[in-house]
Amino acid sequence: MASRGAAAGEAARERKSAAWWDEFWARPLNARGRALTCRRTAEEALRLLGPELRRVPPGGRLRVLDLGCGHGDLTPLLLADSRLEIVAHDLSAAALGQFRARLGGSLPDRLTLARASVYELPFPHAAFDVVVSFGYASAASYEGAEREVARVLRPGGVAIVDFASPSLYRWLFDFGGTRRWLQRYRDPAQDQYHFGRFGLARHFEPAGLKVEALRYLNAYPPLERLAGQPWCAALDRRLSALAGPALGRVLLARLRRV
């Protein structure tokens with residue numbers, strides 16, 4: 001048991017290395033559902049940011065840190081709101097290189113790219129109004145990273161973080177895998193996995209980040225061919241509103257810096 005735990009710890013440390021992530025971003029990411037998930041995540045994240053956005057004065061902006069931005073699937077979707085100014089951060093030079101290439105080599109005036117470790121963010125205290133971190137087990141949820149998120153957020157600022165959620169679909173179509181996955185949720189050593197509001201509060205509140213709101217998405221049936229249909233986003237909105245906690249495979253949480 002001890003050796004298995006040590007191996008899991010070593011694997012977790014490796015996942016946090018720049019070399020591991022450089023290799024990860026060298027792989028093709030061709031899942032049809034990825035584009036829909038990104039659109040829906042950005043949509044729900046902006047909804048969760050609604051109270052902050054409504055308080056922005058005319059001509060003002062919220063300063064946002066996109067923590068673990070990868071090669072830039074989501075960041076441009078957030079930039080569609082002109083009230084956001086974003087610093088997109090990642091540990092992987094390969095990911096940031098792909099991000100810049102996707103933008104044609106030049107960055108919009110409201111976007112900056114930064115490379116560093118989530119444990120040593122190169123920003124002063126209270127530098128951001130908002131931190132977003134996406135990726136199902138996001139960079140913001142690594143053990144100790146929540147303290148850096150709280151440090152760079154101003155008091156009263158918010159973090160929007162996403163997690164994989166053990167939906168009914170997972171239990172029906174992959175019972176064994178989901179049971180093992182749920183064990184990770186219950187294992188204190190697996191800090192990037194949480195089960196519902198209680199688990200999120202236990203992880204983030206000691207750092208001064210209070211769970212305020214939850215949203216679910218990816219509630220449509222897990223059939224890849226559906227994700228490419230133009231009506232699937234509307235179906236997902238409907239199902240997420242009706243039965244998100246049961247069907248949603250992604251959970252978004254809004255955390256406020258107290």
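This is a predicted model: local features need pLDDT of at least 70, side-chain atom pairs count only at pLDDT 80 or more; totals for chains, interfaces and linings use all residues.
**Exercise 1. Find how many bridges join strand β5 to β7, and how the two strands run.**

Start with β5, residues 153–164. Seven bridges join β5 to β7, and the two run antiparallel. Strands are DSSP runs (E, at least two residues), numbered from the N terminus. Two strands pair if DSSP finds at least two bridges between them.

Residues are numbered from 1 along each chain as its sequence is written, and side-chain values use heavy atoms, with hydrogens and water left out.

**Exercise 2. Identify the bridge partner of leucine 209 in β7.**

Strand β6 covers residues 209–217. Eight bridges join β6 to β7, again antiparallel. The partner of leucine 209 is arginine 257.

**Exercise 3. Decide whether arginine 254 is buried or exposed, then list its contacts.**

Arginine 254 lies in β7, residues 250–257. Its relative accessible area is 13%, so arginine 254 is buried (buried: under 20%; exposed: over 50%; 1.4 Å probe, protein chains only). Seven of the eight residues of β7 are buried, so the strand is largely enclosed by the rest of the structure.

Now look around the residue. Leaving aside neighbours within four places in sequence, arginine 254 is in contact (heavy atoms within 4.5 Å) with residues including Leu48, Pro51, Val158 and Glu212. A polar atom of the arginine 254 side chain lies 2.8 Å from the backbone oxygen of leucine 48.

Notes
Helices (H or I, at least four residues) and strands (E, at least two) are DSSP runs, numbered from the N terminus. A polar contact is a pair of N or O atoms within 3.5 Å; within protein, one must be able to donate a hydrogen and the other to accept it, and residues adjacent in sequence count only if both atoms are side-chain atoms.
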